[in-house]
Amino acid sequence: CNLLGCNPLALTGRSKLQNERASLNQQIIRQMRMRAGAENLLRATSNNKVCDMVVLELSYINSNLQLLMEQLEGLNSSVEVYQNIQETSSIPLIPLGLKETKEMDFSVSFKDFILEHYSEDGSSFEEEIADLMDLRQACRTPSRNDAGIETLAKYFSHIPLLESRFFSATRQMGIFFTWYDSFTGVPVCQQNVSLEKASILFNIGALYTQIGTRCNRQTGSGLQDAITAFQKAAGVLHHLKETFTHTPSYDMSPSMLSMLIKMMLAQAQECLFEKIALSGIRNEFFSLLKMAHEAAKVGDTYDQVHQSMSQTPIKDNVPFFWSTVAQVKTHHYRSLAHYFLATALLDHQRKSSSRYDDEDQQEKALSQAYDAMPDGRSPLDILRKREERRRIGKAHLRRAVIGHEEGLRIHSLCRHLRKLDVLQAILQASHNRSLAKFNDNDREDEFTDYMEAPDIVCESINQSNVFVKLQTSSVKVTDFFRRLGPLSVFSAKQRWTAPRTVRLRLEDRDLGFTLRGDPAPVQVTSLDPLCPAAVDGLKEGDYIVAVGDADCKWMVVSEVMRLLKDVNEDGIDIRVVSLMDSGLPMSATYCGGISKTYSMICLAFDDDKSPKGRKVTKKGSFLSWGVKNHLKSSSTLSLPTADYSGTLPWNKPCPTFPSSSSYNDSALY
């Protein structure tokens, strides 16, 4: 595995699952096409015999679709291949499968668009197009590590650049992006680039979940890595939910994403609990109460996940395995909380020699364990009376035993869950421990009424939160099609004439216009309509794209001036383009609200050697090569300001575009 993705033919467990997912998606789309055709025939025919045959065929197709959906659900339930190979005593975690997509070929469409829109030879960009297609192909099989995340983030950062270069609201490219729903396998096909961006973002979140499940949870560093991965996954999915609100794929709908975010945060909370318990749980009053709060918090987060999965229509699309796991973990961790609190009450009786400050701390800790004290008893009363502690402790043990039994019962109902021997062993061991503790404290001659133990307050010293910083924001990319020019001008949204050649000649040591453009490209302004360049076809507002054989789309004014400095009497050819839109993007030529404007008269001679009696009839020099003359010219000429566009006969707002180097996540939406 590397930045170009994993080998799709590698016989790893994860690649086999992904290949099976791709195969199932193809079978599902084939059956859906057959069903659509049969339904159309059913509506079109009035022949009863044909109708009966079509209805029979539809029943077969629907049965096949149901079987395929069940197989896809089985793939989403195959969590064991994603776990760390060293895991033998940890409860398995649930990863998300990657969305599948079809292979794309941009070459024909992009070459045609480059030729038609940019008037460039599309075949000269074959290498760039091939690099783009290789990067997208690598995103289909990313490695399960930071390199895989970087691959996806790199392509995600390229998408807005491609959108600006090639996709316009007024023209369809003929490129269709196809992505399959990760839960149902139903394909979504659109020409909208937003589907591509949203799907890549979903896969970044899904890959983070796979990284989290792969971490070694037997070490502190491994658990911290898992916590960070699940928090980042929740952050990516949260960003997807807030940014793309009308995605056509159900796995990226707001309700489904909300559920997935809760599940990722619940798994992060579970890893936090395991990290606290990793070094061992001390059999001490305050330590046991702390673990009771932590376990109750994990159980509560999984209960919220299960409640979210039980809502319509999520419950119809989420694998039964997932909802069962959430339910089992809810009972398991709540039972652990009752066990820890019961142990604190039963094994740590108050001694007569205890200091008053210890008693005060125990009283405060016990009062914070409940929202309402059992039977209205005061915490101090419970601590001082041995029988009360034993009675309440047994009540908590009873709830622990019942909860573990319910978790085992629900576990047995799911076919895929029964395959996880590790989970069943942990559930059974926890049940046996609680039951043994209950039997040790049970008396045969005790016939008092059983009390119901109250719920334990859910509290955690390190509550898991959404990790909002996205990996894509730190990935800087270079535009594949940078040679086309700055995006501020050379984008799909702008329309301009084909490049035309203009011959520049000196007349009375003056070219007849000034230049501005920092940042690039350089634009012609203050054009004298009587100068030779204007007669040859140069227009006000033209952009200079080449001087001689030198491409200057990315050059600033000073660089273009150096090319034009040595213009002789024969002149030099330049290539220019004119915007066809009514509004010129003036903001592209401004820096700090003031345009950098340079007179072309300064190119013809050095001011120190100019004749004193020389009279300039057309326009004065705005900037010479000397600092002194620069300051003098700047103080005597009025400059265009940010209000320049208001003096034009048109007054349309001018679009602004960030440079290609500034494209990051914050500039995408």
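Tutor: Let us begin with Phe166, which is in contact with Phe110, Phe113, Ile114, Met173, Phe481, Leu484 and Ala492, leaving aside its neighbours within four places in sequence. Contact here means heavy atoms within 4.5 Å.

Student: Before we go on, what kind of model is this?
Tutor: This is a predicted model, in which local features need pLDDT of at least 70, side-chain atom pairs count only at pLDDT 80 or more, and totals for chains, interfaces and linings use all residues. Residues are numbered from 1 along each chain as its sequence is written, and side-chain values use heavy atoms, with hydrogens and water left out.

Student: Back to the rings, then. Which residues do ring pairs link into a cluster?
Tutor: The cluster linked by ring pairs consists of Phe106, Phe110, Phe113, Tyr118, Phe125, Phe166, Phe167, Phe177, Phe481, Phe490 and Trp496. Rings of Phe, Tyr and Trp (its six-membered ring) pair if their centres lie within 6.5 Å; planes under 30 degrees apart count as stacked, over 60 as edge-to-face and the rest as tilted.

Student: And how many aromatic pairs are there in the whole structure?
Tutor: The search finds 16 aromatic pairs.

Student: Where do charged ends sit over rings?
Tutor: The charged end of Lys99 sits over the ring of Phe202, 5.8 Å from its centre. That of Arg482 sits over the ring of Trp554, 3.9 Å from its centre. The rule is that NZ of Lys or CZ of Arg is within 6 Å of the ring centre and within 35 degrees of the ring normal.

Student: Which residues have the most contacts inside the largest nonpolar core?
Tutor: They are Phe110, Phe166, Leu260, Trp322 and Phe481, in a core of 129 residues. Helix H10 (residues 320-347) gives this core its largest share, 15 residues. A second, separate core has 24 residues, including Leu515, Ala534, Leu538 and Cys552. A nonpolar core is a set of buried Ala, Val, Leu, Ile, Met, Phe, Trp, Tyr and Cys residues joined through side-chain atoms within 4.5 Å.

Student: What does buried mean?
Tutor: Buried means under 20% relative accessible area, exposed over 50%, and partly exposed in between (1.4 Å probe, protein chains only). Buried residues make up 51% of the 669 residues in the protein chain.

Student: How many helices and strands are there?
Tutor: The protein chain has 17 helices and 11 strands. Both are DSSP runs numbered from the N terminus: helices (H or I) have at least four residues and strands (E) at least two.

Student: Is Tyr155 buried or exposed?
Tutor: Tyr155 counts as buried because its relative accessible area is 1%. Tyr155 lies in helix H5 (residues 146-166). Not counting residues up to four places away in sequence, Tyr155 touches Phe106, Leu132, Leu135, Arg136, Cys139, Glu196 and Ile200. Tyr155 and Ile200 are 45 residues apart in sequence, with their C-alpha atoms 8.2 Å apart in space.

Student: And where is Ile574 found?
Tutor: Ile574 is in strand E8 (residues 572-577), and is buried, with a relative accessible area of 0%. Beyond four places in sequence, Ile574 touches Arg500, Thr501, Val502, Leu504, Ile544, Ala546, Val547 and Leu564.

Student: A change of topic. Which peptide bonds are cis?
Tutor: The bond from Asp518 to Pro519 is cis, with omega near 15 degrees. Another cis bond joins Ala520 and Pro521, with omega about 5 degrees. Pro519 lies in the loop between strand E4 (514-516) and strand E5 (522-525), and Pro521 is also in the loop between E4 and E5.

Student: Why point these out?
Tutor: Most peptide bonds are trans, and most residues other than glycine have a negative phi. Ser119 lies in the loop between helix H3 (107-118) and helix H4 (126-138), while Ser526 lies in the loop between E5 and helix H15 (532-535).

Student: Are those two serines buried or partly exposed?
Tutor: Ser119 is partly exposed, with a relative accessible area of 32%. Ser526 is also partly exposed, at 37%.

Student: Lastly, how many disulfides does the structure hold?
Tutor: The structure holds 0 disulfides, a disulfide being a pair of cysteine sulfur atoms within 2.5 Å. As for individual cysteines, Cys458 is partly exposed at 34% relative accessibility, whereas Cys531 is buried at 1%.
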